[in-house]
Amino acid sequence: MREDELRAKMVEAWKGGDKFRKDVLSSILSTAKKVAIDEKSEVTEDIINRSIQKELKTAKEQVDDCPESRIDLKEEYINRYNIINEFAPKMLSKDEIKNIIIEKCSAEIESKNKGLIMKAVMPILKGIANGKDINDVVTEMCK
């Protein structure tokens with residue numbers, strides 16, 4: 001997702017009177033800007049996608065850690081998670097990850113060296129696949 005698209009969605013929510021949605025999208029933009037400043041770069045699509053994933057992970061942890069007795073708070077966290085999830089880039093399945101690894105890293109696979117495979121595949125799959133899923137697939141391939 002590009003910055004201008006995300007900003008347009010934020011303005012749309014603001015004009016529609018959905019303050020909560022506007023605040024969630026504003027939070028994603030703020031995170032992206034902070035990452036861009038830290039990396040001394042412009043706000044790119046990759047930075048926005050990483051920021052969305054970071055915010056999504058935080059929201060998931062909030063939902064998981066929220067006490068069951070705090071129904072109102074848990075509902076707010078779930079709503080936040082759902083809004084962020086709308087904008088999250090779709091992650092590859094384990095089968096898709098395996099196919100890409102086989103296609104792009106055949107030499108590394110032959111070595112059965114997990115570290116070497118991970119080093120080769122992470123730049124390719126960064127931002128489009130879950131790191132845990134990549135690790136699981138590589139571990140399985142090294143057996």
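Tutor: Let's start with a term: buried means under 20% relative accessible area, exposed means over 50%, and partly exposed is what falls in between, with a 1.4 Å probe and protein chains only. Keep in mind that this is a predicted model, where local features need pLDDT of at least 70, side-chain atom pairs count only at pLDDT 80 or more, and totals for chains, interfaces and linings use all residues. Residues are numbered from 1 along each chain as its sequence is written, and side-chain values use heavy atoms, with hydrogens and water left out.

Student: Okay, why is Asn130 called partly exposed?

Tutor: Asn130 has 36% relative accessibility, so Asn130 counts as partly exposed. You'll find Asn130 in the loop between α7 (114-125) and α8 (131-141); helices here are DSSP runs (H or I, at least four residues; strands are E, at least two), numbered from the N terminus.

Student: What makes α1 roughly antiparallel to α2?

Tutor: The axes of α1 and α2 cross at roughly 155 degrees and come within 8 Å. Axes are lines fitted to C-alpha atoms, for helices over the stretch in contact, and angles run from 0 to 180 degrees between N-to-C directions. Under 35 degrees is roughly parallel, over 145 roughly antiparallel, 65 to 115 roughly perpendicular, and the rest oblique. That angle therefore makes α1 roughly antiparallel to α2.

Student: And what makes α2 oblique to α4?

Tutor: α2 and α4 pack at an angle of about 60 degrees, with their axes 10 Å apart. So α2 is oblique to α4.

Student: Which residues meet where α2 packs on α4?

Tutor: Contact means heavy atoms within 4.5 Å. From α2, the list includes Phe20, Leu25 and Ile28, and from α4, it includes Arg80, Ile84 and Phe87. By class, this contact has seven nonpolar, two polar and four charged residues. Here Ala, Val, Leu, Ile, Met, Phe, Trp, Tyr, Cys and Pro count as nonpolar, Asp, Glu, Lys and Arg as charged, and the others, Gly among them, as polar.

Student: How many residues does the largest nonpolar core have?

Tutor: That core has 19 residues, and Leu6, Leu25, Ile28, Ile48, Ile52, Ile84 and Phe87 have the most contacts inside it. A nonpolar core is a set of buried Ala, Val, Leu, Ile, Met, Phe, Trp, Tyr and Cys residues joined through side-chain atoms within 4.5 Å. The largest share of this core, seven residues, comes from α2.

Student: What does Ile28 touch?

Tutor: Leaving out residues up to four places away in sequence, Ile28 touches Leu6, Ser51, Ile52, Glu55 and Ile84.
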